[in-house]
Amino acid sequence: MKSKSKRKILGVVGSPRKKGNTHILVSRIIDGAKDKGATTEILFLGDLSIRECDGCHVCWKGKQCSKKDDMNKIYPKIMKSDVIVLGTPVYWYGPTALMKCFIDRFVYFNCPENRAKIRGKLAAVAVPFEEENPKTADLLIKFFEKSLQYLEMKLIGKILVPGVSRRGDILKKADLLEKAYKLGKRLAKDKTGI
Ligand SMILES: Cc1cc2nc3c(=O)[nH]c(=O)nc-3n(C[C@H](O)[C@H](O)[C@H](O)COP(=O)(O)O)c2cc1C
């Protein structure tokens, strides 16, 4: 009998648009992981209140973040997960403000006391955008690569979907949605080095 995945996978939708291209893309990755038996959850950042980090660093002194917002209930979900799927459309060649605020709050993990809570976790990124040129996402991908590397996380999958503008356009990209589904299955595998 095949053993089921024990991985916990957290999908993060950084577009403010519900049922938009990012939401559909992240959901397809999560479907693949779920079908392999992983435990999954999707966070819709637009439903949450997550403020910017102002660098007060009380979180480095063992205290709760001074911003009394939803991020304080998201930290435990991040810590319990094995894999985080970060989805954002390209907004002005970078991430959405929602995704940027979310990643800014990873400052919490940037002290010796908290680093072990994020070190070694796997990540994948999912990025739709309007322009046809894949280079449109270069700066955004670099932002994720550098930030995740700094946090000692492992970026093991990327899906870029160019040429999608209106809500649901991505449904016409069957090949890339299939790639997303397969990525989800891969993320659910219990061996690292995938
Ligand atoms: C504020 C804003 C900025 C955008 N900037 C870019 C951009 O620089 N390059 C691009 O190709 N698409 C850009 N887009 C288009 C989105 O990336 C595209 O519509 C994407 O499919 C939206 O995904 P969603 O449905 O998940 O919101 C922008 C859209 C908005 C609303």
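**Close-up views of a predicted model**

**View 1. Asp 69 and its surroundings.** The side chain of Asp 69 reaches the backbone nitrogen of Arg 51 at 2.8 Å. This is a polar contact (a pair of N or O atoms within 3.5 Å; within protein, one must be able to donate a hydrogen and the other to accept it, and residues adjacent in sequence count only if both atoms are side-chain atoms). Asp 69 sits in the loop between strand 2 and helix 2 (71-80). Helices (H or I, at least four residues) and strands (E, at least two) are DSSP runs, numbered from the N terminus. Asp 69 is buried, at 13% relative accessible area; buried means under 20% (1.4 Å probe, protein chains only). Not counting residues up to four places away in sequence, Asp 69 touches Ser 49, Ile 50, Arg 51 and Arg 105. Contact means heavy atoms within 4.5 Å.

View 2. Five strands run in the order 2-1-3-4-5, with parallel pairing. Strands pair if DSSP finds at least two bridges between them. Strand 2 (39-44) and strand 5 (154-161) are the edges; each has a single partner strand, so one side of each lacks a neighbour in the sheet.

**View 3. Strands 1 and 3.** Strand 1 (residues 8-13) pairs with strand 3 (residues 83-87) in the parallel sense, over five bridges. Gly 11 stands opposite Val 85 in strand 3.

**Model notes.** This is a predicted model: local features need pLDDT of at least 70, side-chain atom pairs count only at pLDDT 80 or more, and totals for chains, interfaces and linings use all residues. Residues are numbered from 1 along each chain as its sequence is written, and side-chain values use heavy atoms, leaving out hydrogens and water.

Note on methods
Buried < 20%, exposed > 50% of the residue type's maximum accessible area, 1.4 Å probe, protein only.
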